[in-house]
Amino acid sequence: MPEQAGRETPRDGTVLAFDYGEKKIGVALGNFITRQARALTILPNATVEDRFAAVGALIQEWSPVQLVVGMPVNPEAGPDDEEQASMRLARRFGNQLNGRYNLPVDWVDERYSSRAASMAGAKRGALDAEAARIILQQYFDEIPL
């Protein structure tokens, strides 16, 4: 189930989802009416300035009401294990999105999204965007109607 911050999920509008990686960020697009996700693009993640310039352009273009970030949960980690680095980076990215754009952010467990994207036949260059699509579709599938 997506992590929700004690607020109501929107019923209408566009959603952007992100598969955060240290080198690339996959992006997917969907909306609450159709509840269907599609791969959108892959953003280079070279510098903070470039990353948020590219994200800002997408937010300007698509006017989302909700953002979703994949959380790379380690299934082998026990309840006492510290949050792993990839989880910290994804959480920080989501928090920065919220702070910069004042949009609600939910996190979705994405531990197998890249593997699923590869198994679905996504080409190597499109893998991150397809992983973001899988994350967003999972989000739509898990939120109540």
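At 15% relative accessibility, aspartate 128 counts as buried, where buried denotes under 20% relative accessible area, exposed over 50% and partly exposed the range in between (1.4 Å probe, protein chains only). Aspartate 128 is joined to lysine 24 by a salt bridge, with 3.1 Å between the closest N and O atoms; the term requires a side-chain nitrogen of Lys or Arg within 4 Å of a carboxyl oxygen of Asp or Glu. The pair connects distant parts of the chain, since lysine 24 belongs to strand β2 and aspartate 128 to helix α4 (residues 127-142), 104 residues apart. Lysine 24 is classed as partly exposed because its relative accessibility is 39%.

The model is predicted, and local features were considered at pLDDT of at least 70 and side-chain atom pairs at pLDDT 80 or more, whereas totals for chains, interfaces and linings use all residues. Residues are numbered from 1 along each chain as its sequence is written, and side-chain values use heavy atoms, with hydrogens and water left out.

Besides the pair already described, arginine 133 forms a salt bridge with glutamate 130, the closest N and O atoms lying 2.9 Å apart. Both residues are located in helix α4, separated by three residues, or about one turn of the helix. Arginine 133 has a relative accessibility of 23% and is therefore partly exposed, while glutamate 130, at 15%, is buried.

The chain contains four helices and five strands, assigned as DSSP runs (helices H or I, at least four residues; strands E, at least two) and numbered from the N terminus. Their order from the N terminus is β-β-β-α-β-α-β-α-α. Of the 145 residues in the chain, 41% are buried. Among contacts (heavy atoms within 4.5 Å) between residues at least 6 apart in sequence, 64% join residues at least 24 apart.

In soluble globular proteins, nonpolar side chains tend to be buried together. The largest nonpolar core comprises 21 residues, and those with the most contacts inside it are Leu16, Phe18, Leu67, Val69, Phe93 and Leu97; such a core is a set of buried Ala, Val, Leu, Ile, Met, Phe, Trp, Tyr and Cys residues joined through side-chain atoms within 4.5 Å. Two or more residues each are contributed to this core by β1 (14-20), β2 (24-31), α1 (48-62), β4 (66-71), α2 (85-101) and β5 (105-109). Another core, apart from this one, has 13 residues, including Val15, Ala37, Val68 and Tyr139. With residues up to four places away in sequence excluded, phenylalanine 93 touches Phe18, Tyr20, Ile25, Arg51, Phe52, Val55 and Val69.

Helices α1 and α2 pack at an angle of about 60°, their axes being 12 Å apart; axes are lines fitted to C-alpha atoms, for helices over the stretch in contact, and angles run from 0 to 180 degrees between N-to-C directions. The two helices are therefore oblique to each other, a class left after roughly parallel (under 35 degrees), roughly antiparallel (over 145) and roughly perpendicular (65 to 115).

Leucine 43, in strand β3 (residues 37-44), is buried because its relative accessibility is 8%. Its contacts, not counting residues up to four places away in sequence, are Lys23, Lys24, Ile25, Val27, Ala54, Val55 and Leu58. The C-alpha atoms of leucine 43 and valine 55, 12 residues apart along the chain, are separated by 8.1 Å.
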